[in-house]
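Here is a quick tour for anyone meeting this structure for the first time. Have a look at it below, then read on.

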Amino acid sequence: MMAATFKCQPTGLHGSGIDASAPRSSRNFGRFYSMRFACNTRCNTLRHVHAPLSISHDSSTESSLILIRHGESLWNEKNLFTGCCDVPLTQRGVEEAIEAGKRISFIPVDMIFTSALIRAQMTAMLAMTQHLQKKIPIIIHNENEEATTWTRVYSEKTTKQSIPVITAWELNERMYGELQGLNKQETAERYGKEKVHEWRRSFDIPPPKGESLEMCSKRAVSYFKDFIEPQLKSGKHVMVAAHGNSLRSIIMYLDRLTSQEVTTLELSTGVPLLYIYTEGKYMSRGSPVGSTEAGVYAYTQSLAVYRQQLDEMSP
């Protein structure tokens, strides 16, 4: 199996330089990012490699990782199993996304990763409307050569004022199989509360024709390691807008939770979590603790410097 090799150089809060080499996938964002968001970097190439993951970075670099579960969706409101069905946010979900944006407005963001589902993408876009950076999130479209050409940005100034948004199905909610679209209460009455609870909260037991949390974790964590973690190691600040189970899977990896501990982890819709990556470790700086959540973000060196820069830019 071929491994991806990323060679990234920190570029500061306003830089966009990246040289990413990765095997071909449905989201060759490394190649596309280098074409559209790294001006004057003709050496950037896409190639297959067989070497282990190799990342050049400053070990003292601090990077911010923001995780946000999407706001309330229309099927959340109706108490339906949603899974990989693609439904938008409710008005409350929109408000949750905007509130999440206010809470993270001073935390730097260089790249955004979302699932392929609209509720996660809406959450990311709405959150960024509140950000003090005032940069515009732009979804990357590289499904084919025509999509790449048609969505190309030719202005270096516009590029510097933009944030690339990478969408990936690997970050989707877990697929609930034959439960998708069913009412949760009615399903419990039909199959029994214990059986439905087992499908929803066990680690390795999937619902009929669906994914278990373990199956979801394998794809989500693998994507995180291959595509998101290299950006953090290079010094970039990343936001991930995704779903309850894909984010639980990533948090399981970040916090080294056991399969039993992750099954009890609950994530509120629209509540951001903050991690700081430094010296090869992830440090949690925020947690979904309701009304007190807005004050849990601790200042670190990178956040303090960034806030100072934003203050200096303000009129």
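**Briefing**

Strands β4 (residues 111–114) and β6 (residues 162–167) run parallel to each other and are joined by three bridges. Strands here are DSSP runs of E with at least two residues, helices are runs of H or I with at least four, and both are numbered from the N terminus. Two strands count as paired when DSSP finds at least two bridges between them. Keep in mind that this is a predicted model, where local features need pLDDT of at least 70, side-chain atom pairs count only at pLDDT 80 or more, and totals for chains, interfaces and linings use all residues. Residues are numbered from 1 along each chain as its sequence is written, and side-chain values use heavy atoms, leaving out hydrogens and water.

**The sheet around β4**

- Zooming out, the open sheet has seven strands in the order β5-β6-β4-β7-β3-β8-β9, with mixed pairing.
- At the edges are β5 (136–139) and β9 (281–284), each pairing on one side only.
- Neighbouring strands are turned by 25 degrees against each other on average, ignoring direction; axes are lines fitted to C-alpha atoms (for helices, over the stretch in contact), and angles run from 0 to 180 degrees between N-to-C directions.
- In a regular strand, side chains alternate between the two faces of the sheet.
- β4 is covered on both faces, with M111 and F113 buried on one side and I112 and T114 buried on the other. Buried means under 20% relative accessible area, exposed means over 50%, and partly exposed lies in between (1.4 Å probe, protein chains only).

- Contact means heavy atoms within 4.5 Å.
- Helix α4 (residues 118–128) has several buried residues, among them R119, A120 and T123. Their cover includes β3, α3 (91–103), β4, β5, β6 and β7.

**Nonpolar cores**

- A nonpolar core is a set of buried Ala, Val, Leu, Ile, Met, Phe, Trp, Tyr and Cys residues joined through side-chain atoms within 4.5 Å.
- The largest core has 26 residues, and L65, L67, F113, L171, I228 and V240 touch the most other members.
- Helix α9 gives the most to this core, with five residues.
- A second, separate core of 17 residues includes A100, V109, I112 and I276.

**The listed active site**

- An unreviewed UniProt entry lists H70 and E173 under "active site". UniProt positions follow the numbering used here, feature names are shortened, and annotations may be inferred rather than shown by experiment.
- These residues span 104 residues in sequence, yet no two of their C-alpha atoms are more than 10.5 Å apart, so they gather at one spot.
- H70 lies in the loop between β3 and α2 (74–77) and is buried, with a relative accessible area of 3%.
- The side chain of H70 makes a polar contact with that of R119 (3.3 Å). A polar contact is a pair of N or O atoms within 3.5 Å; within protein, one must be able to donate a hydrogen and the other to accept it, and residues adjacent in sequence count only if both atoms are side-chain atoms.
- E173 lies in the loop between β6 and α7 (184–191) and is buried, at 9%.
- Leaving aside neighbours within four places in sequence, the contacts of E173 include R119, R219 and H243.
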